[in-house]
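Dear colleague,

I am passing this structure on to you, and the notes below set out what was found in it. Please read them with the model open beside you.

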Amino acid sequence: MSEGSFGVKDNAFVVKASAPEDDRLDPAVWKIAAVALFGGLLAQLDATIVNVSLSNLAGDLHASLATIQWVTSGYLLALTLVLPLNGWLVDRIGAKTLYLGCFAGFTLSSVLCAVAWSASSLITFRVLQGIGGGLLAPMAQMMIARAAGRHMARVVGYMVLPVLLAPVFGPVIAGAILQYASWRWLFLVNLPVGALAFLLAILLLPGDRGETARRKLDWLGLALLSPGLALFLYGSDKIGQTTGRGILAVGVVMLAAFLWTARRKGDGALVDLRLFKGKVFSTAAVTQFLSNGVQFAGQMLIPAFLIQACGRTPGEMGWMLAPLGFGMMITYPLMGMLTDRFGIRGVSASGALLAFVGTVPFLYLATHRLALSVLIPALFIRGMGMSGVGLPSMTAAYVSVSRKKLPMATTSLNIVQRLGGPTMTTICASFLTWKLGLHLTNQAVSSAFVGAFLLLCGLHALTFVSAARLPLYANGSDL
């Protein structure tokens, strides 16, 4: 068995998870996964609670919405800035130490947010919170990949359900807090959850200090990649403005410069680009980029269609989109069983095809009256398909690399994922804006959305082509 299948070592996080004859996972894997779950859950729940409370924060802190939105934007940009450091930090101080530090930093900065006295102080503390919580999601992925190996899809399929429920319960929690208590409790609720997660991490995560290495930090790469990512994401969000397009262009140049320097430095670079020479890893990375991109692009186009073309209110649009989430929640727990039976390629490609099938009906809806009998099943099928693409391809990527390269692989894959969303969203949004032009007649709006959904279907087709090139099995065989 190869080192990449996680079965030859028996130290930190490796728990006989590669291919036991009875196909059962060691209970220790579930303990590690439960601890890792807190990272994604805490960050997702906090983001949802804060996002739906911006108007209240603006009123209480006597700030404009344009200013207070930096409570969210500052957090996301800080998260992006710290992400490229993940691989280097794991190599330098170890996964357990880093994970404990992330939880401690996120929890303590939540307390600082709760005692903020102005909009500027709250934004500052949210930036600190983003720095502390920026590595929680990639660290959770890496720890589960180390522990579960080729069974990662099965483990994550169950662990992701609470994270998916966070956007559902987040607004409910935020509403109750804002009605019966101070907005400061929006952040104080993180304290008991963070403290519990910190304690469980101490007790359940095995140490890995023996695997650390004193690798030099690529300062030039950090100076190019972190700001480049932040500028790219910020510019993509402001693509409709001249300033935004300029910022996006600077971000692209900095990312290109990083790729040029990293290629020359090899394993001394902040991100080792040689990982992408592996056929399985590069195919999985492209699939992740595309699947994340079409998911975010759809999240932009479909609500815009329901409001602008169909005349629905934001409240109506919210419940109309519920079938999408239900489709995802039904599919995720089945990922382990499906990948064991049909293989990574079969599940990921089928998911991509199903997402394509669930998107095609929007071409009909854009040229006819809105019909819930078409919209609801289309969204449900699209949700089922989207949830079937990501986990199998992620499993293929992590199992294809050696244990030593996992921290770097986690960093690389998360950067690729993060770039996919704004890239595809910008492409679709720019196309829609161009098609709309200055002619806002019903016919022009309908034609514009037909073109935008046709473009989205094309991107879904590319996702299917990429997923169909993944290996059949988790060990990378049968390419």
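The accessible surface of the chain comes to about 20400 Å², and 67% of that area belongs to carbon and sulfur atoms. Please keep in mind that this is a predicted model, and that the values given here were computed from it.

As for the overall make-up, the chain has 21 helices and 0 strands, and 54% of its 479 residues count as buried. When contacts between residues at least 6 apart in sequence are considered, 80% of them join residues that are at least 24 apart.

On the surface there is a nonpolar patch formed by Leu 112, Val 115, Leu 128 and Ile 131, which together have about 320 Å² of accessible area. One of these residues, Leu 128, lies in helix H7, which covers residues 119–133. Leu 128 has a relative accessible area of 39% and is therefore partly exposed, since that class lies between the cut-offs of 20% and 50%.

Another leucine, Leu 233, is found in helix H12, which runs over residues 219–237. Its relative accessibility is 18%, so Leu 233 counts as buried, the cut-off being under 20%. Leaving aside residues up to four places away in sequence, Leu 233 touches Thr 80, Arg 418 and Pro 422. Between the C-alpha atoms of Leu 233 and Gly 244, which are 11 residues apart along the chain, the separation is 9.9 Å.

Definitions and conventions
Residues numbered from 1 in each chain as written. Predicted model: local features only at pLDDT ≥ 70, side-chain atom pairs only at ≥ 80, totals over all residues. Heavy atoms only, no water. Helix = DSSP H or I, 4+ residues; strand = E, 2+ residues; numbered from the N terminus. Buried < 20%, exposed > 50% of the residue type's maximum accessible area, 1.4 Å probe, protein only. Contact = heavy atoms within 4.5 Å. Areas by Shrake-Rupley, 256 points an atom, 1.4 Å probe, with all protein chains shown as cover. Patch = residues over 30% accessible without salt bridge, like charges linked within 9 Å, V, L, I, M, F, W, Y side chains within 5 Å. Salt bridge = Lys/Arg side-chain N within 4 Å of Asp/Glu carboxyl O.
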